[in-house]
Amino acid sequence: MPGFFSKERITAGHRYNRWLIPPAALAVHLCIGQAYAFSVFNEPMTRVLGISQSAPDDWKLTTLGWIYSLAIVFLGLSAAFGGKWLEKVGPRRTMFTAACCFGGGFILSAIGVYLHQVWLLYLGYGVIGGCGLGLGYVSPVSTLIKWFPDRRGMATGLAIMGFGGGAMIGAPLGVTLMKYFQTETSVGVMEAFVVMGVLYFISMVIGSLAIRIPPPDWKPEGWTPPVESKKMVTKRHVHIDQALKTPQFYLLWAILCLNVTAGIGILGQASVMIQEMFKGSITPEAAAGFVGLLSLFNMGGRFVWSSASDYLGRQNTYFLFFALGTFLYSMLPSFSGEGNIVLFIAASALILSMYGGGFATIPAYLADIFGTKYVGGIHGRLLTAWATAGVLGPVLVNYIREYQIDHGVAKADAYTTTLYIMAGLLMVGFICNLLMKEVHEQHYMRHDEVENGETV
Amino acid sequence: MTASENQHQENHAVLLVLFWAYVLIPLGWGVYQTFEKALALFA
């Protein structure tokens with residue numbers, strides 16, 4: 001009898017309702033999306049000993065900043081290395097492992113707060129939790145693509161929208177729990193970590209129990225695969241290791257990296273940027289509202305753009321991201337100069353929707369180019385572009401801004417160069433997208449290799 | 001369609017509604033919280 005986690009055990013029957021798969025994926029992505037909201041714990045964690053204010057032995061913000069950075073680095077690494085394992089063992093085992101890592105990471109971090117040992121937080125949330133993030137992120141993607149061959153973009157968009165939405169749940173949940181557990185002797189972080197660890201573990205396990213893979217010859221009722229192959233949509237498959245030998249992989253890597261770098265450029269600095277560019281007009285509360293609005297567009301863009309890509313085509317969708325993004329980025333300094341807040345906000349929101357859309361559309365683009373058989377693993381390896389952009393984006397914005405301010409540029413004008421650089425990066429992305437062609441014949445797997453799942 | 005197949009499909013439909021509600025209710029709560037925060041921009 002096949003094991004509980006085996007692919008055979010989770011292969012659905014022909015009458016299985018495929019609409020049960022997106023909520024299974026969402027159950028995981030809504031949890032791991034909490035990573036975006038980890039910063040709500042930073043300030044309270046600087047008062048773990050002092051409670052009302054920081055004591056001399058309390059952790060500094062710079063020390064705590066490493067927890068999130070480690071989590072993102074390990075997200076990229078585990079997605080890259082775990083992707084091949086995912087293709088071998090299937091989504092249930094991978095999702096369950098992700099649940100253990102992410103939930104366990106929270107519990108270990110709670111112990112770290114209790115013992116006031118920061119290395120336990122680095123290991124817990126940063127390393128182990130980060131592995132949970134990476135495995136959880138990639139695990140449902142290829143399954144969704146296989147269940148929705150007719151709407152690949154929409155299916156992956158639904159799951160990846162959950163990652164954006166997870167922050168919207170994680171931030172208020174974390175704040176509410178800390179408030180509830182706050183006492184005269186505790187800031188409530190440890191207790192909040194325990195509750196969130198348990199909740200997220202349970203939710204992710206529910207996702208892992210509900211996930212199913214379609215039977216090999218399955219196709220949606222009433223849908224017939226197009227007889228003639230569409231341009232840039234292959235019916236064949238490229239092996240995960242062979243994909244790394246194609247220029248298409250590196251072009252897509254650059255496309256994702258550049259799109260994310262440009263988005264992070266705005267997202268990471270949104271609150272300070274709008275206050276400095278519209279000095280006197282924007283209060284800190286309104287700036288926080290601006291960040292909230294961008295988060296909503298980031299999340300909505302994931303679903304809307306990836307669904308639209310099913311009709312527009314993947315390459316055209318990215319052409320739109322890069323062309324429109326370049327135009328909007330280069331217009332932002334003018335909107336600021338004219339004091340036109342409405343256009344500034346609208347342009348920023350549209351840019352952020354395309355940032356989210358870039359994340360959500362890339363798995364479907366990969367499936368179009370490399371086929372569906374190893375798309376989960378290939379997607380995992382491509383996510384190293386995200387980790388790279390996570391470092392590159394804030395570094396570009398912060399250092400260029402600091403350099404300009406040090407050289408006498410007014411704070412309100414210090415973003416202009418950065419915004420033009422972001423527009424330039426998107427132009428490079430446009431060129432990379434333009435260079436995308438179908439994979440060369442030599443890289444495709446032979447029919448017998450596909451049947452046997454043999455490595456090339 | 002047999003009676004047992006009919007019952008099976010009904011069970012599937014209930015499960016489908018419950019499962020979507022399970023993920024969409026917390027997501028809706030999160031979106032509402034963020035939307036409330038975003039309103040400060042227009043205040």
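Me: Which domains is chain A divided into?
Reply: Domain 1 (18-210) and domain 2 (240-447). Those bounds come from an automatic or database domain assignment. This is a predicted model: local features need pLDDT of at least 70, side-chain atom pairs count only at pLDDT 80 or more, and totals for chains, interfaces and linings use all residues. Residues are numbered from 1 along each chain as its sequence is written, with chains lettered from A and ligands numbered from 1 in the order in which they are written.

Me: What separates the centres of domain 1 and domain 2 of chain A?
Reply: 23 Å, taken over C-alpha atoms.

Me: And how many residues does the contact take from each?
Reply: 30 from domain 1 of chain A and 31 from domain 2 of chain A. Two residues are in contact if their C-beta atoms, placed from the backbone, lie within 7 Å.

Me: Which element gives the most on the domain 1 side?
Reply: α7(A), with twelve residues. Helices here are DSSP runs (H or I, at least four residues), numbered from the N terminus. By class, that side of domain 1 of chain A has 16 nonpolar, nine polar and five charged residues. Ala, Val, Leu, Ile, Met, Phe, Trp, Tyr, Cys and Pro count as nonpolar, Asp, Glu, Lys and Arg as charged, and the others, Gly among them, as polar.

Me: Switching to chain B. How many residues does the contact take from chain A and from chain B?
Reply: 21 from chain A and 20 from chain B. On the chain A side, α12(A) has the largest share, nine residues. The chain A side divides into 15 nonpolar, five polar and one charged.

Me: Now the largest nonpolar core. Which residues touch the most other members?
Reply: M204(A), L256(A), L366(A) and F370(A), out of 153 residues. Such a core is a set of buried Ala, Val, Leu, Ile, Met, Phe, Trp, Tyr and Cys residues joined through C-beta atoms within 7 Å. Buried means 20 or more other C-beta atoms within 10 Å of the residue's own, placed from the backbone. Helix α14 (residues 341-370) of chain A gives the most to this core, 17 residues.

Me: What does F370(A) touch?
Reply: V238(A), A243(A), V375(A), I378(A) and V439(A), not counting residues up to four places away in sequence.

Me: Last one. How do the axes of α16 and α17 of chain A cross?
Reply: At roughly 140°, coming within 8 Å. Axes are lines fitted to C-alpha atoms over the stretch in contact, and angles run from 0 to 180 degrees between N-to-C directions. The residues of that contact divide into seven nonpolar, three polar and one charged.

Definitions and conventions
Helix = DSSP H or I, 4+ residues; strand = E, 2+ residues; numbered from the N terminus. Buried ≥ 20, exposed ≤ 12 C-beta atoms within 10 Å, placed from the backbone.
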